[in-house]
Amino acid sequence: MGPHSQPMNEPVLSYIRGSAEREALERTLRDMSTTQIEIPAIVAGTEVRSDDTATLTAPHNHDLALAKVHRSSRDTVEQAITAAVEAQRDWADWTFEERATVFLRAADLLAGPWRQTLNAATMLGQSKTVYQAEIDSACELIDFLRFNVAFAKQIIESQPLSSPGVSNQLDYRSLEGFVYAVTPFNFTAIGGNLACAPALMGNSVVWKPAASAALSNYLFLQLLHEAGLPRGVINFVPGEAGAVSSAVVGSPHFAGLHFTGSTAVFDSLWNQISERLPEYASYPRLVGETGGKDFVLAHASADIDSLAVALLRGAFEYQGQKCSAASRAYIPKSIWPQVRERLLDDLSRVKMGDVTDFQNFIGAVIDRKAFNRIRGFIERANESTTAKVIAGGKTDDSRGFFVTPTVLLEENPHSELMQDEIFGPVLTVHVYEDGRWEDILRLVDQTSSYALTGAVFGQDRKALQVAQKALRHAAGNFYINDKPTGAVVGQQPFGGARRSGTNDKAGSYLNLLRWTSPRTIKETSIPPTSFEYPYMK
Ligand code: NAD
């Protein structure tokens, strides 16, 4: 595909037994499980090692050491900043088509020879099943690379009017300085996109990956270099988050933050940046997609089976560690017995375990910190007088960080289970009296400070219309008769408002607009040669 073609979403491969992709993936999984690699920092395209290293193990198997990660020192971070500033001088002068070619080639490499390397790294490092890895590290990342080129082209083609004797144009400059990409563990595609989107617009980047996603993220940078990305355009600095960040935002060349992660971390970065505002050459662009407390609201007219499946997939795929995961559900009393029966029946057939066993539907949660946090919510629910565990509720960290898919019934619609982000395989259900549709809409809207995703189920058109209006600000991605997860690049631009982020919609032209600082150029063919206007004569 060239810079002028219309992209299509990358097809999801099936990985059925006997398929070529399954064989290739299983081979790569075996290789990756038997070789421990080194993950250094990458500064100006060069590896930088340190004495301070950490071993990266698979979340579902404490005995499987995948890599030794070299944590960047302050010196290394400062070198990365210098490299970014230097690389940008040349990179920003490349034509858009030249830059686009690099990312389109990266997409082709990922769709082809690199596909199973990135999938295997995402499965082992981040504990994703094959399907969850394929839709993330293959399809979504390929889509980001291809669609962003098309969106950037739309932006660049958007030009002001010219008039007789006057020619006007918008020159879509990069920002003056580098962009800091701080990326989450839960999507390899988000990691790649947060670094690549500003780079496509001519910026250079300092990229700090999440510690637990270092393997897939590091391999993706190698792919980008193979695709022709000039050294120094994206610099990779794994390390202690607070220390790396304070060095980066301390630079006068800091021009933008491209963040996805928790609300608390984004708040703290925003505060640090605002304190330094006068030291920066420009006002930095701050783009952050943060937490969620995503809802599924059922009307009494909802179809039971599709609702139950949406709850199961929406809440438990990837162990509930999607920012869009269904976390609170509101179900009317009249249909709850049937929904409960179907949901618990399906859950009894869900298998959890090592993701390299393809029969498992879910793997482990990412690390000990997440395991302890989720276990804390379940323990407090067990002690509460208003909540009851009706499925799962068990945790086991002997081999990996396993939490069984947990369904809680909660009478108190304002408890922490209904309001706070848990980010694990825990779904809390509140059963409401039929006939209180308007009240429940108000409750859904006002319960949580987040507003990322939400879904409404029902067959009654009027009830759906009322919900769509009442919940206008409750979710940046709103679903009708579908689960609240699984946004596709180019189809459902992603992002939420309120405390869920700046809503700059990843996977759309809106995000790319934040990485350009346009210059207006006016050229006059025949400029006036007298200061006097005719009326003065
Ligand atoms: P996190 O906030 O713990 O980490 C995100 C990034 O910030 C990582 O690179 C981490 O190393 C870094 N970080 C951590 N502490 C820091 C500090 N003190 N200073 C600077 N950087 C720091 O989040 P996570 O656990 O990786 O991801 C889960 C969170 O991300 C959830 O809250 C989830 O909702 C959110 N998320 C949101 C979206 C979205 O589009 N809205 C998408 C994915 C994830």
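Is Gln-319 buried or exposed?

1. Basis. The model is predicted, with local features requiring pLDDT of at least 70 and side-chain atom pairs counting only at pLDDT 80 or more, while totals for chains, interfaces and linings use all residues. Residues are numbered from 1 along each chain as its sequence is written, and side-chain values use heavy atoms, with hydrogens and water left out.

2. Helix pair. Helix 4 (residues 115–126) packs against helix 7 (residues 214–226) at an angle of about 160°, and their axes lie 8 Å apart. Helices are DSSP runs of H or I with at least four residues, strands are runs of E with at least two, and both are numbered from the N terminus. Axes are lines fitted to C-alpha atoms, for helices over the stretch in contact, with angles from 0 to 180 degrees between N-to-C directions. Helix 4 is therefore roughly antiparallel to helix 7 (the term applies to angles over 145 degrees). The crossing is right-handed (the near helix is turned clockwise from the far one by less than a right angle).

3. Helix contact. Helix 4 contributes Thr-117, Leu-118, Ala-121, Thr-122 and Gln-126, and helix 7 contributes Leu-215, Ser-216, Leu-219 and Phe-220 (contact means heavy atoms within 4.5 Å). Five of these residues are nonpolar, four are polar and none is charged (Ala, Val, Leu, Ile, Met, Phe, Trp, Tyr, Cys and Pro count as nonpolar, Asp, Glu, Lys and Arg as charged, and the others, Gly among them, as polar).

4. Seven strands form an open sheet of mixed pairing, in the order 14-17-18-13-12-20-21 (two strands pair if DSSP finds at least two bridges between them). Strand 14 (387–391) and strand 21 (477–480) are the edges; each has a single partner strand, so one side of each lacks a neighbour in the sheet. From one strand to the next, the twist averages 20°.

5. Within and on the sheet. Four bridges join strand 12 (residues 294–298) to strand 13 (residues 326–332) in the parallel sense, and Leu-297 stands opposite Tyr-330 in strand 13. Helix 15 (residues 461–470) packs on the sheet, where it touches strand 20 (453–457) and strand 21; the direction of helix 15 makes about 175° with that of strand 21.

6. Positive phi. Gln-319, a residue other than glycine, has a positive phi near 60° and is found in the loop between helix 10 (304–316) and strand 13. Gln-319 is buried, at 2% relative accessibility (buried means under 20% relative accessible area, exposed over 50%, and partly exposed in between, with a 1.4 Å probe and protein chains only). Arg-498, in strand 22 (residues 497–498), has a positive phi near 45° and is partly exposed, with a relative accessible area of 38%.

Definitions and conventions: Angles under 35 degrees count as roughly parallel, over 145 as roughly antiparallel, 65 to 115 as roughly perpendicular and the rest as oblique.
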